[in-house]
Amino acid sequence: MAALCGRAVVCSLAGLLVLFVSVLLIRTYTWPERAVRQWHWKEPSGMELMEEEKEQLIEALKGAIRIPTVSFSEDKQNTTALAEFGKYIEKVFPNVFSSKLITHEVFGNYSHLFKVNGSDHTLQPYMLLAHLDVVPATPESWEVSPFSGVEQDGYIYGRGTLDDKSSLIGILQALEFLLKKGYKPCRSFYIGLGHDEEVFGHRGAKIMAEELKNRKVKLAFLVDEGLPVIDGIIPGLNCPVALIGITEKGSLTLKLTVNGSPGHSSFPPLESSIGILSAAVSRLEQNPMPNKFGEGPERAMFEHVASKFVFPLNIVMANLWAFSLVVSRFLAQSSSTNAMIRTTTALTIFQSGIKSNVVPPTATATVNFRIHPAQTVKEVLDIVRKTIQDERVELSVMNSFDPLPVSSHDVESVGYQILQHTIHSVFSGAPSAPAVCIGNTDSRYFVPLTNNIYRFNPVILKKEDLNRIHGLNERISKEALERLVQFYFQLIQNADIDKIPIPHRATHEL
Ligand SMILES: CCCCCCCC/C=C\CCCCCCCC(=O)N[C@@H](CCCCN)C(=O)O
Ligand SMILES: [Zn+2]
Ligand SMILES: [Zn+2]
C-alpha cells in the first residue's frame, strides 16, 4: 500500500515536472510572436556617405569638441565657448542657416531652436533634441587633451564625443546633406539644441519647451539622447541590442547635515559630526533600495530580447513568470544592470574639516538617488529616513522629480515604429527593445507637448566604453560617427511617413 502511494507521488511529481518543462519550452520557442503593423516605408535615399562627406563630418565634430562648452554648475558655464559654438554651427552648416524652409531662434542666449517646415500640414511635427554643453574634464587624467579633438587609431577623442556633441553634429550634418540634395520634408520638425542640459536645462530646454507650449505646439514624438545600442553589456545576450528609453528614472538629491560640537582635537567629543554623518551614509550604501525588477518596464526589455540570449538563458528570459527572482539577483551583480532594477543610491559629495587638530562643527554629504519607475520621491524619502534613523542627521531636498511617464511603444505608435524601423535598417538588423533610461535628459521638459518621448543614442557601446561617458578618454570611432549621421539621415526621411498604416502580414517583431 505504502509502495503504491509512493509510486503515485513520484508519478505526480514527474507529471508536474514534464508540464513545467513543456510550458518553459513552448514559451521559449514560440516567443515572441507579436504581430507588427507593417508601415508603408518609402526607401530613404543616399544611405552611403561619399568620402568628401565623411571628411566634412569628421572635421565638423573635431571642431565642435575644440570649443570647451563646459557646464560646471547652473551659475558657472563657459559662456564664451557657448557663444562661439553658435557661430561655429552657423559656419559649418550654411544650408541649415540659409534655407527658406527653416526658421532659427535663440533661447537663453545660447540654446538654438530650428523649425524645418514640411509640405504636409496635416502631419503633426516631431522634434529632435541634443545639447551643446559638456561636463568638465580633468586633462591630467586623460591620455589626450579632452578639448583637442585628436584622432587616434580610427577614434576621435574628446569631451562630448559621446555625450552629446556627436548627436548634435549628427543631426545638423544629416540635415545639411539632405538640404544639399534638395530634400524637402513632408512632416515639419523641430531641432532643439540646449546649452545647459548638464546643469538641469532650466535656461535652455525648459524655456524652449515652455515657449512651444505657449505656441500650442503638439508633437507626434520626440527623440533625445539616451540609451545606446548595447554590445556585450548584458551577459549572455549574444548580439547588439538597441535600447529605446521609453521612460526615464526620477531623481532625488539630498543634502545631509550634522551639526556637532567643535573644539580642540586633544579632547574630542565622543561622537563627532564626521562620525555621525559617515555612519548615516554608510547605512544608506549598505542598505540598497528594494529590488523592483518586474514592477516597471525593465521586464518588457528582457522579454523582447529573450530569444537573443544564449541557451539556457533564452528559456529563463522567456519565462520570467518562473525565474524573475533569479534574474533580478543576477542583474543586481553589475552596476549598469543594477541601475535598471532599483532606485540607486550614489554618495557624491562629502565635506567637513579644515585642520588636523580642529574638530569641525559641521559635516555635510550629498546623496543622489535615481528613482526606479515603480517608486516615487516620497517613497524614497520615507525609506531614507527609516534607514538613517538618526535625528541628528538633517535632511534637505536639493532637487527632485518623479520618474517620467511611459511613452507608447506598441504597434500603432508612429514615433516608436519610425525609430525601430530606422534602427533596424541602420544597425544591420539589430533588434530593439523598450527600456528605462537611467540618466536624465532635457526631454522631460517636453512631457506637456507629447506622450511619445524616446531617449536613444545611435551608437554601439561596449562594456569597456561605458565609463568613458562623463569619464576619461571619451571617444567615438569614425565608423560609429558615420553610422550616427546615417541614422538621423534616415530617421528624418522615415518620419515623412503618413499616418495611415497599410495593413500587412503579421511577422516577428525583432
Ligand atoms: C540592462 C542593462 C543595460 C544597461 C545599459 C546601460 C547603458 C548606459 C549607457 C549610457 C547611459 C545613459 C545616459 C543617458 C543620458 C544621460 C544624460 C545625462 O548625463 N544627464 C545628466 C543630467 C544632469 C542634470 C543635472 N544634474 C544626468 O543624468 O546626470
Ligand atoms: Zn547628455
Ligand atoms: Zn551628460
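View 1. With a relative accessibility of 9%, aspartate 163 counts as buried, a word used here for residues under 20% relative accessible area, whereas exposed means over 50% and partly exposed lies in between (1.4 Å probe, protein chains only). This is a predicted model, in which local features need pLDDT of at least 70, side-chain atom pairs count only at pLDDT 80 or more, and totals for chains, interfaces and linings use all residues. Residues are numbered from 1 along each chain as its sequence is written, chains are lettered from A and ligands numbered from 1 in the order in which they are written, and side-chain values use heavy atoms, with hydrogens and water left out. Aspartate 163 bridges the zinc ion (ligand 3) and the zinc ion (ligand 2), which lie 3.3 Å apart.

**View 2. The protein donors of the zinc ion (ligand 3).** Histidine 470, at 44% relative accessibility, counts as partly exposed.

View 3. Glutamate 198 is buried yet has no salt bridge, and arginine 159, the nearest side chain of opposite charge, is 7.7 Å away; a salt bridge needs a side-chain nitrogen of Lys or Arg within 4 Å of a carboxyl oxygen of Asp or Glu, and for charge Lys and Arg count as positive and Asp and Glu as negative, while His and the chain ends are not counted.

Definitions and conventions. Donors are N, O and S atoms within 2.8 Å of the metal (3.2 Å for Na, K and Ca); water is not among the atoms, so sites may look incomplete.
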